[in-house]
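Visitor: Hi, could we go over the pockets in this one together?
Guide: Happy to, let me bring it up.

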Amino acid sequence: MYANLEVPSSICCEKAILTEEQHMKISEVRRLLGPLSCKSSIYCSDPTISRYLRARNWNVKKATKMLKASLKWRSEYKPEEIQWDEVAHEAETGKLYCANYNDRHGRTVIVMRPCCQNSKTVKGQIRYLVYCMENAILNLSPDQESMIWLIDFKDFDMSNISLKATKETAHVLQEHYPERLGVAILYNAPKFFEPFWMVAKPFLETKTANKVKFVYSDDVNSKRIIESLFNMDQLESAFGGNNNVSFNITKYGETMKEDDKRMRCFWSGVDPTSRCCALFVDSKTSNSMMFI
């Protein structure tokens, strides 16, 4: 695994300029989708359709099929309606959370600590994963569409391994959040994780697997990878950074509740960064109180 330590070209995140042919394919997907509901219309932006096309190598038929499946999944699963209070118990140990800093390119950072796994069921684990993904997307910089995963293997052991959860996670992320992964850094993965990785890797598409980078604190190249991605004063010390602040569930919950309000604005067609968002949320809250 140490052969994977050089700073890879996949870390770069320059947004590609679409060709005229690619714009035409986006329009063709729109035509094939037909009339859409309000939320589906918001979801099916040009960047979103472009991600599905890239995930299927710009094959219009395959991309449309994939996108239709996601729209059906979203209409049934309703990921944008998951609220913090529903999943807060899953977050208590700090096993998965969105960091309060971005990488140098403005990409949201998701931190995972497998040793802190506390899910009672795979269903609950996946629901919290989806909540985190929706939140991470909400907090992306306007010129970014992918995110960084930092996976801390400290205190990891075989009891943390679940092939069923891994398969379900890979399915949800690849089928319903295509092209959202920028880089996944597996930090200090133990030697006994290698056989599991060889079993899990086939569940990932090749280009997704290529974005997974094994980084070790005792290797000089690791510092190059980390420093190329992060402001070291912001990065948590667990990953070699200078930030010693640890995960605080109370503060994190407060942030998530505010993001829940912004999420409601976004899916109602209101700019979540504007003052109108706060007014919109207040009006919705006042209206709901009338029926209590």
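Guide: This is a predicted model, and its largest pocket has a volume of about 1100 Å³.

Visitor: Which residues lie nearest the centre of the largest pocket?
Guide: Those are Met112, Ile151, Thr166, Thr169 and Leu173, out of 48 residues that line the largest pocket. The elements giving two or more residues to that lining are helix H6 (122-138), strand E3 (147-152), helix H7 (163-176), strand E4 (181-187) and helix H8 (193-200).

Visitor: And which element gives the most to that lining?
Guide: H7 does, with six residues.

Visitor: How many of the lining residues are nonpolar, polar and charged?
Guide: The lining of the largest pocket has 29 nonpolar residues, 11 polar and eight charged.

Visitor: OK, switching over: what volume has the second largest pocket?
Guide: About 630 Å³. It is lined by 29 residues, and Ile137, Leu138, Leu140, Arg180 and Phe266 are the closest to its centre.

Visitor: Which helices supply at least two residues there?
Guide: Helix H2 (38-43), helix H3 (46-55), H6 and helix H11 (249-266) each do. H3 has the largest share of this lining, four residues.

Visitor: What about the classes in the second largest pocket?
Guide: Its lining divides into 14 nonpolar, seven polar and eight charged residues.

Visitor: And how many residues does each domain give to it?
Guide: Domain 1 and domain 2 each give at least three residues to the lining of the second largest pocket.

How values were computed
Residues numbered from 1 in each chain as written. Predicted model: local features only at pLDDT ≥ 70, side-chain atom pairs only at ≥ 80, totals over all residues. Heavy atoms only, no water. 1 Å grid on protein atoms, 1.4 Å probe; cavity = no way out; pocket = protein on both sides within 12 Å on 5 of 7 lines; lining within 4 Å. Points joined across faces, edges and corners; volume = space filled by probe spheres on them. Nonpolar A, V, L, I, M, F, W, Y, C, P; charged D, E, K, R; others polar. Domains from an automatic or database assignment.
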